[in-house]
Amino acid sequence: MFLQRSSRALQRQWRLCRGLNRTAEFQVRSALIRGFQSTRNLQVVKPVLLADIGEGIVECEIIQWFVEPGARVEEFSPLCEVQSDKASVEITSRFSGVVKKLHYEAGEMAKVGKPFVDIDIQGGASQEALDALTAPEPAREGASEPLNKESLSKPPQAQGTEGETAGSSTQAEPKPQPPVKKGKCASLATPAVRHLSKELNVDILEIDGTGKDGRVLKEDIYRFVEKRKSPAQPTQPSPFSSIPLDTEKQTETTVQLTNTQLQMFKTMTRSLTIPHFLYADEVDFSQLHDLRRRLNKVVSQSAKEGELTKLSYLPFIIKAVSIALNQYPILNARVDVNAETSKPTLVHRSQHNIGVAMDTPLGLLVPVIKNVGARSVLSIAAELSRLQSQAAAGKLSPQDLSGGTITVSNIGNIGGTYVSPVIVEKEVAILGIGRMRTVPAFDNDNHDKVVKKQVCNFSWSADHRVIDGATMARAADVVRKIVEEPDAMILHLR
């Protein structure tokens with residue numbers, strides 16, 4: 001009996017101890033869960049990485065910011081505009097929140113794959129939470145954050161004026177000064193406007209934009225230059241009056257290359273490794289001139305709002321080049337050299353992606369019309385018009401500038417009869433088009449009769465490592481015959 005009672009007492013004590021242990025374990029787990037939940041609330045500041053936009057680009061220039069620290073952003077809303085080589089791209093936000101930090105100033109080079117902006121995805125992180133998340137540099141965050149808030153928010157200014165109404169008038173006068181200091185995106189402008197500001201030696205941050213959302217327009221820059229040239233500000237000379245007073249002394253000024261010039265420098269330096277040879281021919285545009293005039297009447301009458309209303313000569317030439325590439329596909333190929341064996345090979349390409357050199361406010365750009373072989377002349381003209389408008393606005397995407405297989409350069413719309421075009425890397429041929437001119441010539445049927453003809457010179461450059469002169473001459477003759485007799489294009493329609 002005694003042993004049974006003792007065993008029962010021991011069992012009751014063991015159950016009691018086990019219950020206490022479970023209670024303590026539950027409390028510890030609850031505390032840990034609460035701790036994890038509280039730290040999870042701190043993980044709200046997300047660094048946004050600059051995504052890879054293709055073509056092996058490793059860095060981009062920040063053209064302009066659309067946000068500032070403290071600004072509220074929504075998902076897919078634009079954060080900034082970057083320019084990589086020749087294309088400008090808008091970077092959008094991946095999530096909604098409040099901008100906490102901009103890692104780069106406008107004009108600086110941002111690295112692909114590195115953070116360029118920090119966003120608080122909950123929009124309510126405290127300063128202590130930010131300091132805890134950025135422990136390696138708490139002093140910088142604590143020192144720079146109040147400056148950003150002071151320059152961007154109006155309530156501190158209102159509090160200052162409220163507290164100093166009883167003070168002296170001399171302290172109230174400097175108060176309007178802080179708003180004069182602009183933020184990183186206070187002056188917005190398109191790349192074309194920024195290019196104009198660089199040409200006129202104007203700091204765009206000094207200009208008050210009159211466009212939408214404070215965007216700086218070309219008229220704002222011209223107005224700013226006129227004010228600077230006025231007698232009221234004689235200390236600021238005009239950017240065009242930079243000629244030194246002592247004309248006998250030579251002066252030199254170092255100017256950094258723009259992104260477009262830098263890319264052109266790299267591309268043309270690589271093109272120097274290609275041995276060029278030039279082939280030129282004269283083409284009679286008389287029949288194409290008449291055909292184009294008749295087609296423009298039809299196009300203008302049938303065109304709807306927003307559609308193309310006029311055809312130029314260039315779409316016909318581009319289509320003629322594509323027809324010639326069907327007969328001579330080697331002109332659409334590229335040279336590939338094996339890095340290990342140094343053995344060269346030819347890579348043939350099925351699509352005719354013809355690049356068109358364009359003179360834009362940013363400089364020379366070569367957007368590409370994709371799959372010309374499957375397009376009609378009207379489709380080529382519409383795509384060409386789109387690329388020209390995008391290039392003029394500085395809005396060409398990397399896809400618009402990549403994938404070319406052969407290039408056409410129409411220098412004749414500016415001037416010049418002959419041109420020696422330079423082959424682009426990863427291509428083997430390029431066509432340069434001169435200025436069209438009206439000349440007297442003998443009639444083809446009646447050689448004793450002199451008639452008026454529209455004549456233009458075509459200048460071809462080819463890679464002499466893989467293209468011989470006879471192949472280039474035959475391909476150029478195909479293009480010439482189609483342009484001189486444009487009705488033959490009907491025979492090549494699919």
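Let's start with R465. R465 is partly exposed, at 46% relative accessibility. On this scale, buried means under 20% relative accessible area, exposed means over 50%, and partly exposed is in between, with a 1.4 Å probe and protein chains only. R465 forms a salt bridge with D463, and the closest N and O atoms are 2.8 Å apart. A salt bridge here is a side-chain nitrogen of Lys or Arg within 4 Å of a carboxyl oxygen of Asp or Glu. Is D463 buried or exposed? D463 is buried, with a relative accessible area of 0%. Also on salt bridges: D281, D477, R480, K481 and E484 are joined into one network by salt bridges that share partners.

A quick word on the model. It is predicted, so local features need pLDDT of at least 70 and side-chain atom pairs count only at pLDDT 80 or more, while totals for chains, interfaces and linings use all residues. Residues are numbered from 1 along each chain as its sequence is written, and side-chain values use heavy atoms, leaving out hydrogens and water.

How many does the structure hold? It holds 16. Take E59 and K111. Their side chains meet in a salt bridge, 3.1 Å from N to O. E59 lies in strand β2 and K111 in strand β7, residues 109–111, so the pair ties together parts that are 52 residues apart in sequence. Helices (H or I, at least four residues) and strands (E, at least two) are DSSP runs, numbered from the N terminus. E59 is partly exposed, with a relative accessible area of 30%. K111 is partly exposed too, at 42%.

Now E90 and K395. The closest N and O atoms of this salt bridge are 3.9 Å apart. E90 lies in strand β5, residues 87–92, and K395 in the loop between α11 (377–392) and β15 (406–410), so the pair ties together parts that are 305 residues apart in sequence. E90 is partly exposed at 39%. K395 is partly exposed at 31%.

Back to the region of K111. V58 sits in the loop between β1 (45–49) and β2 (59–65). V58 is exposed, with a relative accessible area of 58%. Which residues does V58 touch, not counting residues up to four places away in sequence? A110, K111 and V112. Contact means heavy atoms within 4.5 Å. V58 and V112 are 54 residues apart in sequence, but their C-alpha atoms are 5.2 Å apart in space.

On to strand β18, residues 450–463. Of its 14 residues, 12 are buried, so the strand is mostly covered. Strand β9, residues 276–284, is joined to β18 by nine bridges, and the two run antiparallel. Two strands pair if DSSP finds at least two bridges between them. D281 stands opposite F458 in β18. Strand β16, residues 429–433, runs antiparallel to β18 over five bridges. The bridge partner of I433 in β18 is F458. Strand β17, residues 437–442, is joined to β18 by six bridges, again antiparallel. There, T438 has Q454 as its bridge partner.

Another sheet. Four strands form an open sheet in the order β1-β8-β6-β3, with antiparallel pairing. Which strands stand at the edges? β1 and β3 (72–73) do, each with a single partner strand, so one side of each is left without a neighbour in the sheet. Inside the order, β6 (residues 97–102) and β8 (residues 115–120) pair over four bridges. L102 has V117 in β8 as its bridge partner.

Now the cores. A nonpolar core is a set of buried Ala, Val, Leu, Ile, Met, Phe, Trp, Tyr and Cys residues joined through side-chain atoms within 4.5 Å. The largest has 50 residues, and F285, V321 and F458 have the most contacts inside it. Which helix gives the most to this core? Helix α10, residues 314–327, with nine residues. Leaving aside neighbours within four places in sequence, V321 is in contact with I354, I406, V408, L431, W460 and V479. A second, separate core has 20 residues, including L50, I62, V67 and V82.

Last, M264. M264 is in helix α8, residues 259–271. M264 is partly exposed, with a relative accessible area of 30%.
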